[in-house]
Amino acid sequence: MAGRLDLASSDVKFSFDRQVKIADPEGPSSLLSNLDSVSAPDDTTVVFKLKSANDQTFPQVLSSPVGPIVDEQVFSATKVTPAATIVKGKAFGGQYGIDSYKENQTVKYSPNKNYQGLLGKAKNSGVTTAYYTNASNMKLDVQNGNIDVAYRSFSATDIDSLRKDKDVKVWDGPGGELRFITFNFDTQPFGTKQSGADPKKALAVRQAVADLVDREAIAKSVYRNTYTPLYSYIPEGLTGANESLKSLYGDGQGGPSKEKAAKVLKDAGIPTPVKLDLQYNPDHYGPSSGEEYARVKDQLQSSGLFTVKLQSTEWTQYSKDRVSDVYPSYQLGWFPDFSDADNYMSPFFLPGKDAKGKVAPGGFLLNHYNNPSVDKLINQQRSTADRAKRTQIIGQAQDALAKDLSTLPLLQGKQVAVSGADVSGVTLDASFRFRYAPLTK
């Protein structure tokens with residue numbers, strides 16, 4: 001909508017309706033699970049009808065990645081629109097328009113002269129975003145002044161080194177990023193579609209993994225404490241966050257326990273070592289992923305209770321395989337859409353939609369996890385206005401999730417950006433969005 005000033009309520013209705021209709025598994029449509037319908041009674045009025053009243057998160061959902069309003073004259077209502085069509089249609093009404101786009105390479109933005117929004121006009125003459133497959137190359141480019149700002153995916157060693165470099169600035173912000181292992185309830189050992197399927201034995205396998213993982217060792221040796229151990233499903237600092245996993249697994253203090261893991265497997269009648277296929281991605285969650293998962297493998301195998309087959313896949317294929325039951329257990333990370341506890345529960349654990357648009361358990365994970373009691377708690381906290389009561393319900397949901405272990409949270413990270421010494425305006429806040437408009441040099 002760059003150049004267009006005729007934004008109307010029909011564009012708003014169109015934008016939300018298409019998200020629900022398309023429901024791309026890699027998109028943000030799961031955030032609209034509580035949306036019943038959208039109407040536009042006149043050009044300046046939009047009415048959202050919710051399935052559950054008193055939704056405490058919907059105002060934040062509107063400001064999340066599912067909320068941007070798109071041009072109904074450019075975008076398709078029923079399918080993902082090609083990037084070239086979007087760029088050619090100049091379908092942007094924010095602080096910037098896109099001049100050119102090369103997938104997984106570069107995006108060139110220029111200020112939108114017609115922007116009249118609350119954020120104010122851009123302070124720079126334009127921004128070009130480049131995507132790197134190698135964090136070492138990104139580090140060299142920011143040090144050499146070839147790029148002005150680099151964001152995310154540095155290794156802990158890189159960050160340590162950059163903090164000592166007088167030619168750059170390292171910017172730190174509050175963290176909401178999570179790193180965790182996901183279990184596929186169909187294909188994990190003793191999963192529902194495996195030979196000898198047994199839900200109790202499958203749970204015992206997940207519990208034994210939780211007993212053996214040493215988060216503190218990974219945080220210290222791999223990430224040099226740029227990540228911290230995470231013992232629940234909601235990061236520290238958000239409403240309702242607790243440490244539900246800490247007392248349930250390992251030594252009860254956050255450390256591992258071989259004895260406890262051995263007992264849970266023995267009590268379930270599972271012979272050891274258990275064969276576990278574990279997959280990770282080397283190019284999407286930072287260069288230290290390989291070392292992180294090598295440590296996880298070593299922690300499991302050194303106990304003598306597991307034999308781990310560790311493999312990696314590039315993101316283009318990985319993102320398809322993980323929702324197609326290819327990986328019994330695998331790495332995922334999460335950068336929140338908005339800073340509320342619900343965004344760490346609803347997208348993961350409430351029913352989502354598969355590639356065919358059919359409702360499926362396991363949220364965007366599509367890992368076949370389903371617990372109606374947990375669904376009820378998640379939906380209940382979302383519609384509870386009383387803060388104290390909502391905090392209690394969020395805690396109950398975490399406790400229930402900790403017992404089921406559909407995912408195993410490992411680490412919580414903070415935001416880090418690196419810029420040239422002459423760059424100002426880098427903003428890292430609890431919105432977890434990187435802002436281009438304030439950047440100057």
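Let's start with a pair of residues: in strand E4, Tyr109 is the bridge partner of Ile98. When I say helix or strand, I mean DSSP runs, numbered from the N terminus (H or I, at least four residues, for helices; E, at least two, for strands). Please keep in mind that this is a predicted model, where local features need pLDDT of at least 70, side-chain atom pairs count only at pLDDT 80 or more, and totals for chains, interfaces and linings use all residues. Residues are numbered from 1 along each chain as its sequence is written, and side-chain values use heavy atoms, with hydrogens and water left out.

Back to our strands. E3 and E4 (residues 106–111) pair in the antiparallel sense over six bridges; two strands count as paired if DSSP finds at least two bridges between them. E4 is also joined to E5 by four bridges, again antiparallel, and there Lys108 has Thr128 as its bridge partner. Put together, that gives an open sheet of three strands in the order E3-E4-E5. Which strands stand at the edges? Those are E3 (96–102) and E5 (127–130), each with a single partner strand, so one side of each has no neighbour in the sheet.

Buried here means under 20% relative accessible area, exposed means over 50%, and partly exposed is in between (1.4 Å probe, protein chains only).

Now, on to helix H4, residues 135–143. Its buried residues are Ala135, Met138, Lys139 and Val142. Why are they on the same side of H4? Because they cover an arc of only 100 degrees around the axis, taking the directions from the helix axis to the C-beta atoms. These buried residues pack against strand E6 (149–151), helix H5 (156–163), strand E7 (168–183) and strand E14 (407–420), with contact meaning heavy atoms within 4.5 Å. After H4 comes Gly145, whose phi is positive, near 80 degrees.

In H10 (residues 289–301), the buried residues are Ser289, Glu292, Tyr293, Val296, Gln299 and Leu300. They fall within an arc of 115 degrees seen down the axis, so they line one face of H10.

How values were computed:
The expected span of a helix is 1.5 Å times one less than its number of residues.
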